[in-house]
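Visitor: I'm new to this one. Could you walk me through how to read it?

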Amino acid sequence: MTLKELHNNTNWPSVREKLFSLYPDLKKKETGYQKVYEQLSSIEPQKSTSEIILSFIEEEEPEYESYIHLSAIETNSNPPESYSPMFSSWEEWMGMSINEKTLKDFTPSEILSHCLLEMTLTGFDPETRKKTEDELYKQSLKMR
C-alpha cells in the first residue's frame, strides 16, 4: 500500500485527532496541516522504490521520552539504505509504499499523522519548502 492509497483510506477528522493527540503543540498550525492533508488528494504520486517505516524507540533513561521514529528505506540498494524522507517531494512521498510491519503496528491515521509532521518540517507549501531547504543547504556549506 502506498501513502497515496493510505491517504485515500483516511479522513481529516481522524487524522486531525491523532495528530494533535500525539503532538498537542502543533494545534496552533492546524490550518496549515489541514491544507496539506487536503492537497495530498490531488497530488499525482511519483513511482518510488522507497518504503516508509515507523519504529517505536523505547528510551531506557528516565529523563528521555520514548518516541516514534519515521524513516524510509531505499529497497533497491544492497543492503537497503535507511534515510530521512524529510526533503523528498510530496509526489515522492505519495508514491512510497508503507512497510508491512508499520501497517500492522499503527493505524492509518497514526501513520499519516507522523508522515504529515515530517512532510511539513520545512514548510506547508512547495515554495516555502524550497526556500527553507535552500537556506539549510547554504548553512551546511558554511559548516564544512
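This is a predicted model: local features need pLDDT of at least 70, side-chain atom pairs count only at pLDDT 80 or more; totals for chains, interfaces and linings use all residues.

Visitor: At what angle do helix 3 and helix 6 pack?
Guide: Helices here are DSSP runs of H or I with at least four residues, numbered from the N terminus. Axes are lines fitted to C-alpha atoms over the stretch in contact, and angles run from 0 to 180 degrees between N-to-C directions. Helix 3 (residues 30-40) meets helix 6 (residues 108-119) at about 105°, and their axes are 11 Å apart. That makes helix 3 and helix 6 roughly perpendicular (the label covers 65 to 115 degrees).

Visitor: Which residues make the contact between helix 3 and helix 6?
Guide: Contact means heavy atoms within 4.5 Å. Helix 3 brings Tyr33, Val36, Tyr37 and Leu40, while helix 6 brings Leu112, Leu116, Leu117 and Met119. Eight are nonpolar, none polar and none charged (Ala, Val, Leu, Ile, Met, Phe, Trp, Tyr, Cys and Pro count as nonpolar, Asp, Glu, Lys and Arg as charged, the others, Gly among them, as polar).

Visitor: Is His7 buried or exposed?
Guide: Buried means under 20% relative accessible area, exposed over 50%, partly exposed in between, using a 1.4 Å probe and protein chains only. His7 has 4% relative accessibility, so it counts as buried. His7 sits in helix 1 (residues 3-8). Setting aside neighbours within four places in sequence, His7 touches Tyr37, Leu40, Ser41, Met94 and Leu112.

Visitor: How many salt bridges are there?
Guide: Side chains of opposite charge can pair when their charged atoms come close. The rule asks for a side-chain nitrogen of Lys or Arg within 4 Å of a carboxyl oxygen of Asp or Glu, and the count comes to five. One of them joins Arg16 and Glu30 at 2.5 Å, N to O. Arg16 is in helix 2 (residues 12-22) and Glu30 in helix 3, so the pair ties together parts 14 residues apart in sequence. Arg16 is partly exposed at 27%, whereas Glu30 is buried at 18%. Arg16, Lys27 and Glu30 are linked in a network of salt bridges.

Visitor: Where do Lys130 and Asp134 lie?
Guide: Both lie in helix 7 (residues 126-142), four residues apart, about one turn of the helix.

Terms used:
Residues are numbered from 1 along each chain as its sequence is written. Side-chain values use heavy atoms; hydrogens and water are left out. Helices (H or I, at least four residues) and strands (E, at least two) are DSSP runs, numbered from the N terminus. Angles under 35 degrees count as roughly parallel, over 145 as roughly antiparallel, 65 to 115 as roughly perpendicular and the rest as oblique.
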